[in-house]
Amino acid sequence: MKFKIMAGTVALLNALFGSKELPIDAENKQLNLDEAQRQKIVDALGEKDAEKAINGINSEIKAMADQNLILKAAKDELDALVLESGLTAEELANAANDGEGNDNVLAIVKTIAAKNKEMAGTINKLLNESEGDKPLAVIPGGKAIMKHSATHLFGSNNSYDAFEGGRAWNARMRDGGVTATDFNQSGVIPLLQSDLEHFVEENNGTLTSLFNDFRDLPSQWSRRTGVLDRVSDGFIMPDEIVQGRAKGWSPKNKFKIASERGQVYRKKIDISFKGYELQEMETTWIRSYNKADGSNPWKMSFIGFLLGELIKRQMLDDRIAQINGIYAESPDGDDVPGAAVNSQNGLRYLWYYYRDVEKKYRAFDIGAPTEANIVDHINTLIELMPEIERKEQGLEIQLSSRWLKAYLKRAGELRPLVVNSAIEQSKVQYQSNSPLDYPNFIFQELIDQTKTDFIAITKSSNVEILDYNVNEKGKFTITHNKRDTDIFADYRLGIRLKQVGTKLEAGDPRSFEIQKVWSNNMPVFGNEVFAPAFDDQSGILKITFPNIEVDSAWKTNITSIEGATKGSVIRIKGNTGLAAAKNLVNNANLLLASDFNLALGGTIVLFAQEDGKFKELSRTIIPDVAATTDISFTTGVIDSKGGNVFRFTGAVTTAITSILNGVEGKTIKIYGTNAAAVDLTFADVVGNINVIANATLGDTDDYMQLTFVNGVWVETGKSITA
């Protein structure tokens with residue numbers, strides 16, 4: 001039996017059973033499964049999805065059986081015509097070949113032949129036609145062709161693709177001129193809600209694939225589902241046991257049992273749309289089918305498009321959080337949204353935590369990487385690993401895009417390829433995804449790991465993505481409140497390092513230290529990364545990360561700090577958004593020069609002493625100034641490439657004589673200097689600079705604004721105070 005709708009599920013079950021055909025009860029038009037087969041399906045899919053799979057296959061078996069009855073009825077009609085003519089099939093054939101004879105017989109034969117031809121055409125069409133309505137129209141969609149029937153978009157027969165029942169968005173897609181759906185109508189939203197539920201159920205496997213596509217984390221990493229809260233694996237790590245033979249009993253079987261725990265974090269999605277915003281998405285959906293690349297790879301209605309747009313943002317947020325996440329528990333209450341990057345602890349946090357807090361592995365102190373030494377830096381990192389571990393397969397080097405590009409460039413310089421002859425050589429970019437001389441390692445580029453010189457090594461299988469239920473991410477709920485449409489979802493997600501190493505204890509011999517992760521000793525996070533802290537009004541600042549920024553709703557003075565690692569440097573940043581002045585209070589445990597006013601937005605740096613007290617190292621009383629991208633210059637020639645603001649820092653009065661690398665339409669501002677008796681002057685330069693009048697900039701507030709038009713820098717504004 002050839003399945004169409006459930007073909008993928010049928011293939012999965014045949015693989016589970018090791019069979020080519022599923023067992024079918026023809027009389028009852030359903031699967032004929034024994035208990036062992038049914039249990040295999042439950043083990044593979046879970047109880048709920050197993051029931052859906054079996055019911056879906058049974059529905060298609062019944063539909064195909066009913067279609068066979070239609071074909072049988074057509075054949076019975078032909079047999080009835082033969083019987084009605086009073087002729088056998090042989091007699092009809094002979095009469096048809098006889099040029100003479102009874103005109104009545106010939107008429108009957110011709111009639112039956114015509115009917116037979118008509119019915120044969122109908123039967124062939126039924127055999128070749130897909131399930132559902134007959135396509136009545138074709139809509140061009142770029143490279144793909146979209147078909148719809150009289151009742152359903154794409155002729156899908158799915159309820160959420162129907163034209164009737166208030167689904168105006170489907171009719172608008174079909175006709176292209178129907179008025180936009182009024183999403184403020186109360187009846188539309190419950191319809192969206194039920195349609196979305198049906199869509200998720202029917203496209204379960206497709207959505208799972210969509211999650212994997214958009215997740216975009218390394219495919220080499222392992223994955224575990226069904227984690228409700230936490231997961232832990234135990235590992236036995238023995239010390240050496242062999243010794244030379246001698247009299248007596250000398251047991252030598254020291255070993256440790258260690259475990260690493262992983263956690264999934266509860267996450268939520270809360271979205272509110274106005275009716276107008278949903279109309280805009282509806283219009284975008286329709287227009288998306290006019291793109292050159294044709295319709296979407298899997299046919300989906302507006303429901304699917306809406307869900308897909310939400311998933312895209314969700315997958316990006318989760319990917320970033322899986323790498324850069326620093327968990328901060330958000331306060332309860334409405335209108336207090338937490339940042340996606342603070343919804344969980346990510347991979348970088350785990351490296352920081354196990355190295356700097358738990359001290360479960362020893363980092364290699366090999367200095368900072370540079371563009372010149374990056375190849376040697378990584379090779380040294382590899383060579384410091386134990387030889388047995390270094391030779392294993394499946395190892396990866398986790399690093400930022402910046403350092404991967406630097407490695408490829410430098411390795412290309414160190415390993416020039418021979419071109420044409422042994423004499424002629426040229427430097428080319430290194431092409432391999434493995435470091436020089438170590439093909440059992442791969443580079444694992446983490447595109448979200450930015451602004452860090454931290455580089456780490458572990459096995460790809462040692463990084464594990466944790467889910468509770470992949471499919472729950474697609475279970476969005478839609479509700480309606482006055483003119484607003486609310487969409488929400490809840491799910492769990494996490495990541496862990498399965499094996500790290502033994503905690504370094506006093507008295508343990510060095511040979512007993514076992515670790516499955518290695519890294520350089522550069523900071524995992526830069527000093528510009530801060531985690532938010534929310535006020536529980538206890539007066540205690542609880543920290544799980546050394547850089548903390550108090551939330552704008554902070555209401556109490558801080559008299560104590562908990563959770564800091566002894567010997568670490570703590571940075572606490574204030575917030576100018578505080579409603580009133582609140583202090584980090586100088587006391588017996590907080591050894592400050594004076595109370596630190598958090599409302600000023602400055603940053604105080606503390607050292608966590610071994611006695612549990614915190615000593616102030618430095619402070620600022622205003623917010624940090626954002627790093628400037630302004631470009632300084634000292635001569636009369638300015639290179640406009642790479643900047644928009646240029647500041648003169650020369651020691652003598654200078655005239656601008658040339659501005660290089662102009663781009664059509666680009667605007668730049670050039671500022672003077674406060675140096676005594678030093679000015680910056682402007683005048684026309686033929687073919688390069690055109691000013692309204694000669695100008696002199698006497699201080700840092702004076703500027704000349706120029707725009708590149710038709711190959712010339714033209715004055716479009718200026719400010720001269722003197």
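Modeller: Strand β30 (residues 645-648) pairs with β28 in the parallel sense, over three bridges, where two strands count as paired if DSSP finds at least two bridges between them. Within this pairing, I631 has F646 of β30 as its bridge partner. This is a predicted model, in which local features need pLDDT of at least 70 and side-chain atom pairs count only at pLDDT 80 or more, whereas totals for chains, interfaces and linings use all residues. Residues are numbered from 1 along each chain as its sequence is written, and side-chain values use heavy atoms, with hydrogens and water left out.

Both strands belong to an open sheet of six strands with mixed pairing, in the order β28-β30-β33-β37-β38-β35. Its edges are formed by β28 (631-633) and β35 (689-690), each of which pairs on one side only. Strands here are DSSP runs of E with at least two residues, and helices are runs of H or I with at least four, numbered from the N terminus.

Another open sheet of six strands, also with mixed pairing, runs β18-β20-β22-β26-β27-β24. There β18 (531-533) and β24 (590-591) are the edge strands, and because each has a single partner strand, one side of each is left without a neighbour in the sheet. Inside that order, β26 (residues 603-608) and β27 (residues 614-619) run antiparallel and are joined by five bridges, with A608 standing opposite F614 of β27.

Elsewhere, S222 lies in strand β5 (residues 222-224) and is buried, at a relative accessible area of 18%; buried means under 20%, exposed over 50% and partly exposed in between, with a 1.4 Å probe and protein chains only. A polar atom of the S222 side chain lies 3.2 Å from the backbone oxygen of S461. Leaving aside residues up to four places away in sequence, S222 touches S460, S461, V463, E464, I465 and K498, a contact being heavy atoms within 4.5 Å.

In helix α7, the buried residues include V188, L192, D195 and F199.

Key:
A polar contact is a pair of N or O atoms within 3.5 Å; within protein, one must be able to donate a hydrogen and the other to accept it, and residues adjacent in sequence count only if both atoms are side-chain atoms.
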